[in-house]
Structure formats: structure tokens, C-alpha cells
Amino acid sequence: MRYLHKIKSLRFYILHTRHHFAHLLIGLAFAWFLREWWNEFSLKYLILALIGSEIIDVDHLLYIFVYGRHEWYAIEVKKFLRAGQLRDVWAFLSTNHKHNTALATHNVYFIGFFLVLSLVSFQYDWKASLVIFGAIVLHLLFDIADDLWVLGYLNDNWKRFRRKANITPLKATEPLQRS
């Protein structure tokens with residue numbers, strides 16, 4: 001409850017999480033497509049599609065707190081968290097996440113891996129697996145399209161496995177101006 005006063009506007013958080021709303025909408029569309037294909041509605045498949053749409057982004061947290069914890073990006077995020085600056089963390093992640101090229105799972109190799117798992121699941125009629133793996137593939141493909149749209153080029157992380165990156169901030173890491 002003591003941090004509740006720091007959340008000044010729901011609009012701010014919605015604005016800075018619209019990328020995840022897009023992932024969830026794609027997951028819902030995928031669940032709807034499968035519902036039409038299989039001629040059955042299942043709340044389980046709907047929930048699995050939503051989970052599959054977001055589960056691959058756990059890699060961002062693993063990067064910050066585990067395998068990339070000593071890199072600039074992770075240090076900045078943890079600095080804001082320690083200071084209780086939740087709005088600043090939200091804005092920093094929203095502004096700079098496209099420039100983090102050191103994620104382990106956001107590359108063409110993982111797209112291929114999950115695509116193969118999706119095809120195997122389709123072949124053997126493993127519906128739950130198809131829902132999760134297909135949603136992950138769609139998540140990663142959306143991220144590629146988003147990189148092309150936002151950055152104007154394909155981010156380097158898609159072309160290789162993780163490497164130690166030396167990313168620089170897009171915006172200053174000073175706290176946000178309060179209005």
C-alpha cells in the first residue's frame with residue numbers, strides 16, 4: 001500500500017505497456033482462429049494462448065536479474081527499483097527495451113525451435129502444446145515486425161544467440177519530471 005501513491009495515473013502505465021497489450025491481442029486472435037479451426041471453445045486454450053503470448057518475455061526479467069545483471073541496462077533498472085521509482089522503471093523499460101540486443105531467446109533460432117515444436121504438436125494433434133508454441137512464435141514474429149516498424153531495421157539480437165552487449169540509453173536515465 002505504501003507505493004500506491006507513486007502510481008499517479010493508469011494512463012501512464014497503459015501507454016507504456018501497449019506493446020504487451022498487442023501481444024495479448026495477438027494471442028486472443030490466435031485462440032479465436034484455433035477455436036474456429038477446431039470447432040470448439042475451451043477456456044483452457046484461451047488462457048494458454050495468453051500465457052504463450054507473454055511467457056517468452058520472462059527472458060527480459062532473467063536478463064535483468066540473472067545472466068545480464070552486470071550490464072548497464074540491468075544496473076539502471078535495478079537502480080530505479082531500489083529507489084522505489086516505479087514510473088521511472090516503467091518509462092525506462094518502455095523507451096530502451098528495443099535497444100537491448102543481448103536477450104537469449106529473441107532470435108531466429110528460437111523462432112525455428114518453437115515453430116518445429118508447433119508443427120510437431122499440429123502433426124500429433126497436441127492441441128494445448130500447439131496453442132502455447134504457436135503463441136510464442138507469433139509473439140516473436142510480432143517483435144520482429146515491431147523492430148522493423150519502430151527502429152526501421154532488424155535488431156541485431158534476431159541474427160544470433162545472446163552476446164554481451166554494450167547498449168547505450170536512448171534517453172537519459174535521470175528520474176522523470178513530475179508534473
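What percentage of the 179 residues in the protein is made up of buried residues? In this predicted model, the buried share is 38%.

Let me begin with the overall architecture. The protein contains 8 helices and 0 strands, and its elements, read from the N terminus, run α-α-α-α-α-α-α-α. The accessible surface amounts to about 10,900 Å², and carbon and sulfur atoms account for 67% of that surface. As for contacts between residues at least 6 apart in sequence, 72% of them join residues at least 24 apart.

I turn now to the charged pairs. Side chains of opposite charge can pair when their charged atoms come close. The count of salt bridges in this model is 6, and I shall discuss several examples.

One of them joins Glu40 and Lys127, with the closest N and O atoms 2.9 Å apart. Glu40 sits in the loop between helix 2 (18-38) and helix 3 (43-55), whereas Lys127 belongs to helix 8, so this pair ties together parts that are 87 residues apart in sequence. Glu40 is partly exposed, at 31% relative accessibility.

A further salt bridge links the side chains of Glu76 and Lys79, at 3.1 Å from N to O. Both residues belong to helix 5 (residues 72-82), where they are 3 residues apart, about one turn of the helix.

Next, consider Lys98 and Asp147, whose salt bridge has its closest N and O atoms 2.7 Å apart. Lys98 lies in the loop between helix 6 (86-96) and helix 7 (108-123) and Asp147 in helix 8, so the pair ties together parts that are 49 residues apart in sequence. Lys98 is buried at 9% relative accessibility, and Asp147 is buried at 3%. A network of salt bridges links Lys98, Asp146 and Asp147.

Which residues does Asn157 contact, leaving aside its neighbours within four places in sequence? They are Thr101, His106, Asn107 and Asp147. Asn157 itself is found in the segment after helix 8 (127-150). Its side chain reaches the backbone oxygen of His106 at 2.6 Å. Is Asn157 buried or exposed? With a relative accessible area of 4%, Asn157 is buried.

To close, I would draw attention again to Asp147, which is paired with Lys98 in a salt bridge and is in contact with Asn157. Thank you.

Note on methods: Residues are numbered from 1 along each chain as its sequence is written. This is a predicted model: local features need pLDDT of at least 70, side-chain atom pairs count only at pLDDT 80 or more; totals for chains, interfaces and linings use all residues. Side-chain values use heavy atoms; hydrogens and water are left out. Helices (H or I, at least four residues) and strands (E, at least two) are DSSP runs, numbered from the N terminus. Buried means under 20% relative accessible area, exposed over 50%, partly exposed in between (1.4 Å probe, protein chains only). A polar contact is a pair of N or O atoms within 3.5 Å; within protein, one must be able to donate a hydrogen and the other to accept it, and residues adjacent in sequence count only if both atoms are side-chain atoms. Contact means heavy atoms within 4.5 Å. Accessible areas come from the Shrake-Rupley method with a 1.4 Å probe; for residues, only the protein chains shown count as cover. A salt bridge is a side-chain nitrogen of Lys or Arg within 4 Å of a carboxyl oxygen of Asp or Glu.
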